[in-house]
Amino acid sequence: MLFQRSEHSSTFGIKTLTNANAIWPGIAFIKVLISIRHHLLFVVAALTVSPLFAEELKLSTSETEPTAGYFSLSWAGTKQQNDVLLQQSTLSSFSNDALMQWTVSNVNSFSMSGLSSGVYYYRVAPFDKPQSWSNVVQVNVKHHSLNKAFFIFAVGAALFSLLSIIIFLNSKNKTSGI
Amino acid sequence: MDASFLSPAVAFSLLLVFSIIWIGLGWYLGKSNRTLDDYMLAGRKVGFALATATAMATWVTSNTTMAAPQLAYQLGVWGMVGYSLGAIGLMLFAPIATRIKTILPHGYTSGDFIRLRYGVGAWRTFLIISLVYALGWLISLGMAGGVVVNALSGLDYEIGMTVILAVCVGYTMLGGLRAVIATDFIQSIIIILGLLLLAWIVIQQVGFQEIHVTLSDERPALLNLLFPAAIMFLFNNLLFGVGEIFHSNVWWSRAFAFKEGVGGKAYFIAGLMWLPIPIVAGFVALAAPSLDLSVASADMVGPLVAGKLLGTAGAVIVFIVVFSALASSLDSLLAATSDLITEDIYRGHINPTADNQQIQRVNKFIVLALGFFAWLLCLPKISTLASLLYFMGAFVASAIWPIVLGIYYGRANGTTASLAMLFGTSVGLWAYFAIGFYVAALVSCAISLAVMLLGSIVKNAEFTFDTVTNKER
């Protein structure tokens with residue numbers, strides 16, 4: 001993809017040069033310099049971005065500090081990946097003792113849920129190139145405090161109780177309000 | 001997307017067969033509609049069995065069959081238990097339905113009550129809330145149609161969504177509420193049998209122990225009874241369900257349509273029958289980690305588990321159950337919302353002298369327009385089902401207290417009711433974004449109550465309920 005774009009730009013540059021040259025040599029010289037600069041940029045880009053890097057996946061998360069233990073991971077690459085390996089670890093080194101791994105097929109996202117509070121690290125790689133790991137995504141799961149949860153629970157319980165009492169008492173009194 | 005569960009040809013065939021059945025029934029039942037009451041309220045003489053079935057089937061929506069598994073997958077055991085508390089809304093509405101029939105024997109919509117009880121200002125506020133909710137629910141139902149077809153067969157999301165909307169619009173236009181109630185009866189039986197079969201298969205093939213061990217290792221919070229977000233969610237969902245039922249014309253139109261003395265019993269029994277359904281549907285989702293499923297979006301987890309366990313057979317079961325659940329709710333929502341727009345906006349604001357034939361024609365046109373509008377809004381799949389659904393919680397829960405206090409007490413007044421709905425919705429929406437979807441309804445309900453109580457103290461009005469009955473007649 002990258003090389004195709006480079007060739008296309010080069011062709012376009014020469015056409016422009018031919019037309020401008022007929023008008024004024026000064027403009028043609030500047031265009032030559034620009035064209036060379038473009039060529040150099042694409043050569044540098046082509047050297048920097050190796051074919052291996054071009055296939056590397058880019059991982060992202062829907063939330064970096066989820067408060068309910070669920071979030072979504074998604075990845076994109078330079079070509080469609082059918083199967084990927086997704087790794088989760090509580091250590092940034094992804095050492096074996098804290099590692100979980102899933103093979104994810106035919107989709108480019110993964111819905112994670114049910115995690116306890118803590119820091120989790122994620123990375124993905126194409127299934128057929130398990131060493132081509134993506135960037136590492138860090139997710140810090142921070143559940144709401146239990147105090148806050150029970151406060152909201154108590155408000156809900158009070159509202160429900162009041163509602164039930166009002167309806168129950170008035171349904172007993174069939175002439176209420178009329 | 002994994003398209004191995006169901007071939008596109010099978011998915012198309014199922015869509016076609018059920019489309020023909022529902023539209024055929026709509027056409028057949030619509031033939032006996034003679035008056036506006038027949039079309040909009042099934043002649044106001046629906047008996048106990050049909051009344052119970054339609055209440056239960058309407059409450060079993062795509063959200064029950066798809067968002068309940070999503071909530072179990074995200075919030076664990078409390079997620080599915082919390083979802084089942086939605087049944088309380090139906091049970092609490094039982095005495096309200098009896099009361100509605102007493103004070104508004106000739107009413108058509110929930111808007112009728114708000115207008116007569118609180119005046120024009122509160123009526124318009126209520127209509128905005130009600131229509132936002134109806135549209136949100138319509139979108140979530142249309143989206144669910146697209147999601148389930150896509151998850152099971154790989155067919156484009158747009159195809160499933162378009163077919164389900166078109167079919168429901170078709171038979172609702174043809175048959176009115178009579179068709180809606182009759183199809184609900186058949187759909188409720190399909191839903192219960194399908195879900196029971198699916199849960200039994202999950203237990204047989206995966207088993208409680210394996211599910212428990214996998215969840216303990218990989219997703220421990222799902223089994224944690226002190227899961228904070230899930231604890232917050234419990235009463236939020238209950239109040240959301242109460243808000244949905246108490247304000248929505250879906251339930252009011254049924255209260256008007258049921259025979260004298262039927263509404264109370266029918267709503268209570270329907271609530272009891274509905275109670276275990278989200279638990280069964282949600283339980284299925286807890287098997288996903290044990291099955292090593294790649295769940296791309298949480299609202300697809302139910303269909304994915306069924307497809308993984310049973311292949312084509314499981315996919316067919318889920319397809320039929322969800323299609324029935326979708327249809328049973330979508331038709332009711334289309335009918336009730338078009339009634340609300342026809343009566344409260346067209347007759348109430350645009351053409352007060354319209355005769356019944358005009359009303360019926362306008363009503364059919366509105367069903368069509370609503371379907372088309374919902375289709376347009378469903379095209380960009382903007383959210384997951386649960387997120388979209390609970391966004392509505394902030395709106396509907398703000399109407400609980402204005403309705404309950406307005407039905408039973410004379411002191412509640414129109415200005416206060418409007419303010420309660422406005423403030424409740426605004427603060428509820430703030431909570432949705434600042435805390436999470438699992439508190440929006442609860443916060444909205446609490447604020448609305450505070451405003452109602454304050455307003456009743458500040459402005460001492462005394463409303464007599466004879467006025468409602470007399471004005472209506």
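Why is α5(B) largely enclosed by the rest of the structure? Of its 17 residues, 15 are buried, so α5(B) is largely enclosed. A residue is called buried if 20 or more other C-beta atoms lie within 10 Å of its own, exposed if 12 or fewer, and partly exposed in between, with C-beta atoms placed from the backbone.

Before the next selection, some conventions are needed. This is a predicted model, in which local features need pLDDT of at least 70 and side-chain atom pairs count only at pLDDT 80 or more, while totals for chains, interfaces and linings use all residues. Residues are numbered from 1 along each chain as its sequence is written, and chains are lettered from A and ligands numbered from 1 in the order in which they are written. Helices (H or I, at least four residues) and strands (E, at least two) are DSSP runs, numbered from the N terminus.

**First stop: helices of chain B**

Keep α5(B) selected and look along its length. From its first C-alpha to its last, α5(B) reaches 25 Å, close to the 24 Å expected at 1.5 Å a residue. The expected span of a helix is 1.5 Å times one less than its number of residues. At B:A94, shortly before the proline B:P95, α5(B) has a kink of about 35°. The bend at a residue is the angle between axes fitted to the seven residues ending there and the seven starting there.

Next, select helix α16 (residues 356-378) of chain B. Its 23 residues reach 32 Å from the first C-alpha to the last, close to the expected 33 Å. The buried residues of α16(B) include B:I359, B:V362, B:I366 and B:L370.

**Second stop: B:I400**

Select B:I400, which has its place in helix α19 of chain B. Is this residue, B:I400, buried or exposed? B:I400 is buried, because 30 other C-beta atoms lie within 10 Å. Now display its contacts; two residues are in contact if their C-beta atoms, placed from the backbone, lie within 7 Å. Not counting residues up to four places away in sequence, B:I400 touches B:L239, B:V242, B:G243, B:F246, B:C445 and B:S448. For a distance across the chain, pick B:V147 as well: the C-alpha atoms of B:I400 and B:V147 are separated by 31 Å, and the two residues are 253 residues apart along the chain.

**Third stop: where the chains touch**

Show both chains together. The contact takes 40 residues from chain A and 44 residues from chain B. On the side of chain B that touches chain A, at least two residues each are supplied by α4 (62-84), α5 (87-103), α9 (208-218), α10 (228-247), α19 (400-408) and α21 (440-458) of chain B. The largest share of that side, 10 residues, comes from α10(B). By type, the residues of that side of chain B are 33 nonpolar, 7 polar and 4 charged. Here Ala, Val, Leu, Ile, Met, Phe, Trp, Tyr, Cys and Pro count as nonpolar, Asp, Glu, Lys and Arg as charged, and the others, Gly among them, as polar.

Chain A has 4 helices and 7 strands, and buried residues make up 22% of its 178 residues. Select β1, β2 and β5 of chain A: in that order they form an open sheet of 3 strands with antiparallel pairing. Two strands pair if DSSP finds at least two bridges between them. The edge strands are β1 and β5 of chain A, each of which pairs on one side only.

Strand β1 (residues 58-61) of chain A pairs with β2(A) over 4 bridges, and 4 bridges also join β2(A) to strand β5 (residues 109-112) of chain A. Zoom in on A:S74 in β2(A): A:S60 stands opposite A:S74, and A:S74 stands opposite A:S109 in β5(A).

**Last stop: two loop residues**

Select A:F94, in the loop between β3 (83-89) and β4 (99-105) of chain A. Phi of A:F94 is near 55°, a positive value in a residue other than glycine. A:F94 is partly exposed, because 17 other C-beta atoms lie within 10 Å.

Finally, select B:D292, found in the loop between α13 (277-286) and α14 (301-310) of chain B. Phi of B:D292 is near 55°, again positive in a residue other than glycine. B:D292 counts as exposed, because it has 12 C-beta neighbours inside 10 Å.
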